[in-house]
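Thanks, everyone, for making the time. I would like to walk through one structure with you this morning, so please have a look at it before I go on.

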Amino acid sequence: MQETTILWADDEIDLLKPHILFLTEKGYKVKTATNGSDALELFRNDYYDLVFLDENMPGLTGLETLTQIKAINADVPIVLITKNEEEPMMEDAIGSKIDDYLIKPVNPKQILLTIKKLTENKRLVTEKTTMAYQQDFRTLGMTLNDNLSFQEWVDVYKKLIYWELELERLEDAGMHEILTLQKAEANVQFCKFIEKNYLNWLKNPDSSPILSHQLFKKKVFPKLDNTPVFFILIDNLRYDQFKIINPIISEYFRLEEEDTYYSILPTATQYARNAIFAGLMPLDMEKRFPGMWQNDEDEGGKNLHEEAFMADQIKRVLRKDCKFSYNKILNIDEGRALNDSINNLMNNELNVVVYNFVDMLSHARTDMQMIRELASDDAAYRSLTLSWFEHSPLLDLLKFLSQKQVKVIITTDHGTIKVKNPSKIIGDKNTNTNLRYKQGKNLNFNAKEVFHIRNPHDAMLPKLHVSSSFAFAKEDSYFVYPNNYNHFVNFYNETFQHGGISLEEMIIPVITYGVK
């Protein structure tokens, strides 16, 4: 391992020789200075892994020296050593971006612990994280073979995402590969679980998880009281993407409840989001709203009546008046316009806001080479989502709401998965174009690769023709037609898609925040 070099500046450096000898015996190389000017000269002429600065030196003070060192190289950790515990001085030090501080008199073990924390932290964290995941890997592996409940599958998925985000910080390709394989195996078992249980959930809602059409009834309406509720649906937001924006939201709100629900099939906006706002499964929507429900074969937009669906659900389920608003945000100007008029919404019991950015991002990644390169994998996809959120009107909206007496519920309609395995399917010219599910007559496919629902009514889905059925892609596969197989593979392989069955698409975060 490369020798760690430390610069230590103190006007009483001679009194610190026992400490320096101790560090030398531990394998550290220590260079010393008795004032800030000499320390700066040494710092300019050599590389150091860590700097110790006495706060009270003649000439340049420790804080003044710190400022100049940061201007030369802001990445080198700096520890301020001081006798002064006064609050204003410590605020100045923290404001100057010190990495740590020690109060005199210091002892060798304090010094050693600080060095390890600041220079070996990455290695120690890597070793500890890798070891912890290796232990959990075995537990997770055994768990996947159990007969898990829908809640236990949520726990497994959350654990996998936890490790994905933890290992993302490490430079250990081997661990990433192991996790990727374990996640793939989890999706294999999860798809078997859905095939076995999904239709039974629809027949026996008392023994099912919360599904899309039950979301308002079970998670939103019970929270309506004298406090305005803002229900914010970020289209196509996966659980892992929620986890990376949550720390920012938590700066302004108190997280009251982190829960999940299951998206209905197909995990596509036309079905899942309409079900949320109508509080009905698609088959019931088709019956209740014959003039508004759009089937796959129908022309025109498939999500144009969410406000009307919402109004009907409120009237049908709440059975009382509820003043509400509905806003769909498709671009930054619409987001800003909503923010400008937000005071007009504060007297409503319920305010629904749909943000379409993440869905547009996944489609843009499919269609645009530049976006593909920016979001080349799940980690980059998360990073792009975070960057959007940090600079979005949505964050500005949340900052404003954090100053009001409101509740905020953030959720989505379905997730998305990066597809890698083409699955051949044959259908007629009216078969829908979605790559993760197909609805059509006389569908022909490899039965092992799909979840086939022969009678759509069993899944509470409309049946367009006598021989219509639904085929759902499983895990990370996507449907291609044999006659243009190569074109589909070249264009769609490793793009983010939704509509089928996977942990990423079906297990959906629904988060409640209260003001601090």
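This is a predicted model: local features need pLDDT of at least 70, side-chain atom pairs count only at pLDDT 80 or more; totals for chains, interfaces and linings use all residues.

Met460 sits in the loop that runs between strand 15, residues 450–453, and strand 16, residues 468–473.

Glu494 is found in the loop between helix 19 and strand 18, the latter covering residues 496–497, and with a relative accessible area of 36% it is partly exposed.

Helix 19 brings us to a sheet. The helix, residues 485–492, lies across strand 12 and strand 17, and it runs at about 145° to strand 17. Those two strands belong to an open sheet of 3 strands, in the order 14-12-17, with mixed pairing. The edges are formed by strand 14, at 444–445, and strand 17, at 477–480, each of which pairs on one side only. In which sense do strand 12 and strand 17 pair? Strand 12, residues 421–426, pairs with strand 17 in the parallel sense, over 4 bridges, and within that pairing Lys424 has Val480 as its bridge partner in strand 17.

Turning to peptide bonds, the one that joins Lys104 and Pro105 is cis, with omega at about -5°, and Pro105 lies in the loop between strand 5, residues 100–103, and helix 5, residues 108–119. The bond from Leu265 to Pro266 is cis as well, with omega near -5°, and Pro266 has its place in the loop between strand 7, residues 253–262, and helix 11, residues 269–278.

Finally, the protein as a whole. It has 20 helices and 19 strands, and its C-alpha trace spans about 95 × 55 × 40 Å along the principal axes. Of the 516 residues, 53% are buried. There are 59 positive and 74 negative side chains, and the centres of these two sets lie 7 Å apart.

Note on methods
Residues are numbered from 1 along each chain as its sequence is written. Side-chain values use heavy atoms; hydrogens and water are left out. Two strands pair if DSSP finds at least two bridges between them. Contact means heavy atoms within 4.5 Å. Axes are lines fitted to C-alpha atoms, for helices over the stretch in contact, and angles run from 0 to 180 degrees between N-to-C directions. Buried means under 20% relative accessible area, exposed over 50%, partly exposed in between (1.4 Å probe, protein chains only). Lys and Arg count as positive and Asp and Glu as negative; His and the chain ends are not counted. The place of a charge is taken as NZ of Lys, CZ of Arg, CG of Asp or CD of Glu.
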